[in-house]
Amino acid sequence: MSQQFKGCDLVAIRDFSKEQIEHIMNLAEKMVPIALGQERSNLLAGYVQGSLFFEPSTRTRLSFASAMARLGGTTLGFDQPGGSSVQKGETLADTIKMVESYSDIIVLRHYAEGSARLAAYFSDKPVINAGDGAGQHPTQTILDLFTIRKAKGRIEGVNVALVGDLKYGRTAHSLAEALALFGANLMFVAPASLQMPKETIRAVEKIGNKPRTLTSIDQALPDADILYVTRIQKERFPDLAEYQKVAGSYRIDSMLLKDAKPDLSIMHPLPRVDEISPEVDSSPHALYFQQAFNGVPVRMAILALLLGVIE
Ligand code: NCD
């Protein structure tokens, strides 16, 4: 298997096959005790991760750093471009060439869709897309799949409702494709102006999946096994007035959950703004904090495989 991962980039979820994603999840399962700090590891001792975040991040950046540190490796980079030569006008291509010469693998989050593909073109070292504008977020997708598989025991046949900003939400784009690949039943719940882009719908349908397009959570709730809630991506609206029209469209609270299946799980890539009421946190439906933790073992597996340290 190592030949299939070593030196590869992870830019879009389509870069990996179903078998490869399953392999990552199986390896991530073995990484859990290390991610929890119950076991120590030096698997990536001497390896350096270049971490370039042009957009805000808490979970993605810190879980990549935690994954690297817990495997004995080191991380360098920036969490805002203002402190780097980007501020002086350096191009992304030049920044990537520099960081490539200081590290073994590059993790990039950038506001421009397609930036990670561009970075991969300029770098001989593996590039991991940690979110490119409204494009994709493939490592989030693998940790989302891992979370669903752990909670439900399978992905095939699970009814998943993706809720919120499906137009600009990159997590929803890559997850929809992956869920189709794994045979989940998809519901896309969004205001008409924020529905899933045609390109993603086409990709999902090409795999043979037939998603239901809905505008209200009530229509999805009775069937849903997973409610995957997303934040309205305020920063990606060209016009703030358009944002204001859809802000607060959905709010998950205990009242709403009265109609849910008893074993409904609620996921959210986080951060939440007002989509999930804090009272839901203590309910058995809340899976989002566990989901966020799962970012560590999944990213450990991805780093170890792309660096070719493990098969
Ligand atoms: C998401 C992102 O950055 O795309 N967060 C994350 O990585 N967990 C979701 C968001 O910002 O709404």
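Are Arg170 and Glu55 buried or exposed? Arg170 is buried, and Glu55 is buried too; here buried means under 20% relative accessible area, exposed means over 50%, and partly exposed is in between (1.4 Å probe, protein chains only). Keep in mind that this is a predicted model, where local features need pLDDT of at least 70, side-chain atom pairs count only at pLDDT 80 or more, and totals for chains, interfaces and linings use all residues. Residues are numbered from 1 along each chain as its sequence is written, and side-chain values use heavy atoms, with hydrogens and water left out.

**Salt bridges**

- Side chains of opposite charge can pair when their charged atoms come close.
- The structure holds 12 salt bridges, each one a side-chain nitrogen of Lys or Arg within 4 Å of a carboxyl oxygen of Asp or Glu.
- Back to our opening pair: Arg170 makes a salt bridge with Glu55, and their closest N and O atoms are 3.0 Å apart. This pair links distant parts of the chain, with Arg170 in helix α7 (residues 170-181) and Glu55 in the loop between β1 (48-53) and α3 (59-70), 115 residues apart. Helices (H or I, at least four residues) and strands (E, at least two) are DSSP runs, numbered from the N terminus.
- Glu29 pairs up with Lys150 in a salt bridge, with 2.5 Å between the closest N and O atoms. Glu29 sits in helix α2 (residues 18-35) and Lys150 in helix α6 (residues 138-152), so the pair ties together parts that are 121 residues apart in sequence. Glu29 is partly exposed at 33% relative accessible area, and Lys150 is partly exposed at 44%.
- Asp223 and Arg212 form another salt bridge, the closest N and O atoms being 3.2 Å apart. Asp223 is in the loop between α9 (217-220) and β8 (226-229), while Arg212 is in strand β7 (residues 212-214), 11 residues apart. Asp223 is partly exposed at 34%, and so is Arg212 at 37%.
- Arg14, Glu177 and Glu199 are joined in a network of salt bridges.

**Helix α6**

- Helix α6 has 15 residues and reaches 21 Å from its first C-alpha to its last, close to the expected 21 Å at 1.5 Å a residue. The expected span is 1.5 Å times one less than the number of residues.
- In α6, 11 of the 15 residues are buried, so the helix is largely enclosed by the rest of the structure. Among them are Pro138, Ile142, Leu143, Leu145, Phe146 and Ile148.
- Gly153 follows α6, and its phi is positive, near 80 degrees.

**The sheet**

- Four strands make an open sheet in the order β2-β1-β3-β4, with parallel pairing. Two strands pair if DSSP finds at least two bridges between them.
- The edge strands are β2 (74-78) and β4 (127-132), and each pairs on one side only.
- Strand β3 (residues 105-110) pairs with β4 in the parallel sense over four bridges. Val107 has Ile128 in β4 as its bridge partner.

**A nonpolar patch**

- Leu76, Met98 and Tyr102 make a nonpolar surface patch of about 290 Å². Patches are made of residues with over 30% relative accessible area and no salt bridge: like charges are joined within 9 Å, nonpolar side chains (Val, Leu, Ile, Met, Phe, Trp, Tyr) within 5 Å. Accessible areas come from the Shrake-Rupley method with a 1.4 Å probe, and for residues only the protein chains shown count as cover.
- Met98 lies in helix α4 (residues 92-102) and is partly exposed, with a relative accessible area of 39%.
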